[in-house]
Amino acid sequence: MVYSAVVTAPFGRLGVLCIDGELLELCFLPADQPLQSPMAGSLEAEVARQLNAYYADAGHVFDLPWRLRGTAYQLRVWREIAAIPCGQTRRYLDLSRALDSSPRAVGGACGRNPIPIIVPCHRVVASSGLGGFSQSTGDATLDIKKWLLQHEYR
């Protein structure tokens with residue numbers, strides 16, 4: 001994947017994709033991914049600035065132009081996720097009931113969220129634990145989910 005910038009994060013790197021003045025994607029990348037600095041004054045630079053503001057203060061409210069691309073169902077799930085306040089979580093089960101769906105379907109949509117952190121899918125957890133994150137239950141992505149949740153609960 002080609003990103004318009006690759007920026008640092010406390011848990012590794014983030015690939016940033018902006019097109020036509022809108023943020024379309026944030027992607028978790030390994031810590032050794034080469035950086036690609038955003039151009040000064042660009043939307044990518046503003047994304048990086050606001051992400052850094054969030055890392056410094058979990059209560060930071062993002063104010064970025066973004067567009068979600070997905071199915072009608074995914075868009076419904078992502079709207080529900082976007083409404084979860086900082087420092088709170090919802091279970092997949094809770095969201096599935098609100099959407100008249102299933103927890104597995106909610107989890108699938110969460111995993112396909114193209115702009116995590118901004119649309120805070122890390123705030124969605126399983127009934128008995130963290131659940132998955134970013135289409136994975138592996139340590140690398142779960143460590144990011146743990147970091148984000150711990151950051152918001154300080």
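**Figure 1. Glu-152, a buried residue of helix H5.** At 8% relative accessibility, Glu-152 counts as buried. Buried means under 20% relative accessible area, exposed over 50%, and partly exposed in between (1.4 Å probe, protein chains only). Glu-152 sits in helix H5. Helices (H or I, at least four residues) and strands (E, at least two) are DSSP runs, numbered from the N terminus. Leaving aside residues up to four places away in sequence, Glu-152 touches Tyr-54, Ala-58, Cys-86, Gly-87, His-122 and Arg-123. Contact here means heavy atoms within 4.5 Å.

The model is predicted: local features need pLDDT of at least 70, side-chain atom pairs count only at pLDDT 80 or more, and totals for chains, interfaces and linings use all residues. Residues are numbered from 1 along each chain as its sequence is written, and side-chain values use heavy atoms, with hydrogens and water left out.

**Figure 2. The salt bridge of Glu-152 and Arg-123.** The two side chains meet at 2.8 Å, N to O. A salt bridge is a side-chain nitrogen of Lys or Arg within 4 Å of a carboxyl oxygen of Asp or Glu. This pair links distant parts of the chain, 29 residues apart. Glu-152 belongs to helix H5, while Arg-123 lies in the loop between helix H4 (103–111) and strand S5 (124–125). Both residues are buried.

Figure 3. The structure holds four salt bridges. One of them joins Glu-46 to Arg-49, with the closest N and O atoms 2.7 Å apart. Both residues lie in helix H1, three residues apart, about one turn of the helix. Glu-46 has a relative accessible area of 26%, so it counts as partly exposed. Arg-49, at 45%, is also partly exposed. Another salt bridge pairs Asp-94 with Arg-91 at 2.8 Å, N to O. Asp-94 is partly exposed at 30% relative accessibility. Arg-91 is partly exposed at 29%.

Figure 4. The domain assignment gives domain 1 (5–56) and domain 2 (72–153). These bounds come from an automatic or database domain assignment. Taken over C-alpha atoms, the domain centres are 21 Å apart. Eleven residues of domain 1 and 13 residues of domain 2 take part in the contact. The two domains bury about 1,100 Å² between them, 77% of it on carbon and sulfur atoms. Buried area is the accessible area (1.4 Å probe) that two parts lose on being put together, summed over both.

**Figure 5. The side of domain 1 that touches domain 2.** Phe-11, Phe-28 and Tyr-54 supply 56% of the area that domain 1 buries against domain 2, more than any other three residues. Strand S3 (22–29) and H1 each supply at least two residues of this side. S3 gives the most, with five residues. Polar contacts are present: four residue pairs, both members at pLDDT 80 or more. A polar contact is a pair of N or O atoms within 3.5 Å; within protein, one must be able to donate a hydrogen and the other to accept it, and residues adjacent in sequence count only if both atoms are side-chain atoms.

**Figure 6. Confidence along the protein chain.** The mean pLDDT is 95, and 99% of the residues reach 70 or more. pLDDT is the predictor's confidence in each residue, from 0 to 100. Among the elements, helix H5 (residues 139–152) has the lowest mean pLDDT, 91. Helix H1 (residues 43–56) has the highest, 98.
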